[in-house]
Amino acid sequence: MLRALVDPRLHVVVDEEREAAAESLKEGGMVIYPTDTIYAMGCSIMHPQAIERMAKIKGIRPDKAVFSLIVHDFSHLADYTKPLSSTLFKLMKHSLPGP
């Protein structure tokens, strides 16, 4: 299932669309969302079949796919990665966007 997160004419997310997108992600669906330069596809890392579907849409093999991970803040990285050295953490904090 692929749901649009925004009305492309308005670039405004309404609460019910946000809730529908969140529900879709929880169920293994995908969403389309705006970034600062383009629209992007997203899915939950907790649903491998959604990741495979996204790779297929992009025309790449799932085992060769490299995707970005969006987390609430850097403290959530530890839920999905090996422990980070303080040097790497500081480099990421300095270089990556977000608060």
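**Figure 1. Contacts of His47 in the predicted model.** In this predicted model, His47 touches Leu25, Lys26, Glu27 and Gly28, setting aside neighbours within four places in sequence. His47 sits in a loop. That loop runs between strand β3 (39–43) and helix α2 (48–58). Is His47 buried or exposed? His47 counts as buried because its relative accessibility is 18%, and the cut-off for buried is under 20%.

**Figure 2. Glu52 on helix α2.** Glu52 belongs to helix α2. Its relative accessible area is 46%, so Glu52 is classed as partly exposed. That class covers values between the buried limit, under 20%, and the exposed limit, over 50%. Asp63 is shown with Glu52 as a pair. The two residues are separated by 11 residues in sequence. Their C-alpha to C-alpha distance is 8.7 Å.

**Figure 3. The largest pocket and its centre.** The largest pocket holds about 1,500 Å³ of space. How many residues line the largest pocket? The lining has 39 residues. Nearest the centre of the pocket lie Tyr33, Ser68, Leu69, Ile70 and Val71.

**Figure 4. Elements and residue types in the lining of the largest pocket.** The lining of the largest pocket takes two or more residues from each of α1 (15–26), β2 (30–34), β3, α2 and α3 (86–95). Which element gives the most to this lining? Helix α1 does, with five residues. By type, the lining residues of the largest pocket comprise 25 nonpolar, seven polar and seven charged.

**Figure 5. The whole chain, as context for the close-ups.** Three helices and three strands form the secondary structure of the protein chain. Along the sequence, their order is β-α-β-β-α-α. The protein chain has 99 residues, and 19% of them are buried. Among contacts in the protein chain with a separation of 6 or more, 25% join residues 24 or more positions apart. The protein chain exposes about 7,800 Å². Carbon and sulfur atoms supply 60% of that area.

Terms used
Residues are numbered from 1 along each chain as its sequence is written. This is a predicted model: local features need pLDDT of at least 70, side-chain atom pairs count only at pLDDT 80 or more; totals for chains, interfaces and linings use all residues. Side-chain values use heavy atoms; hydrogens and water are left out. Helices (H or I, at least four residues) and strands (E, at least two) are DSSP runs, numbered from the N terminus. Buried means under 20% relative accessible area, exposed over 50%, partly exposed in between (1.4 Å probe, protein chains only). Contact means heavy atoms within 4.5 Å. On a 1 Å grid over the protein atoms alone, a cavity is a set of points where a 1.4 Å probe fits but cannot get out, and a pocket is an open set with protein on both sides within 12 Å along at least five of seven lines; lining residues have an atom within 4 Å of a point. Grid points are joined across faces, edges and corners, and a volume is the space filled by probe spheres set on the points. Ala, Val, Leu, Ile, Met, Phe, Trp, Tyr, Cys and Pro count as nonpolar, Asp, Glu, Lys and Arg as charged, and the others, Gly among them, as polar. Accessible areas come from the Shrake-Rupley method with a 1.4 Å probe; for residues, only the protein chains shown count as cover.
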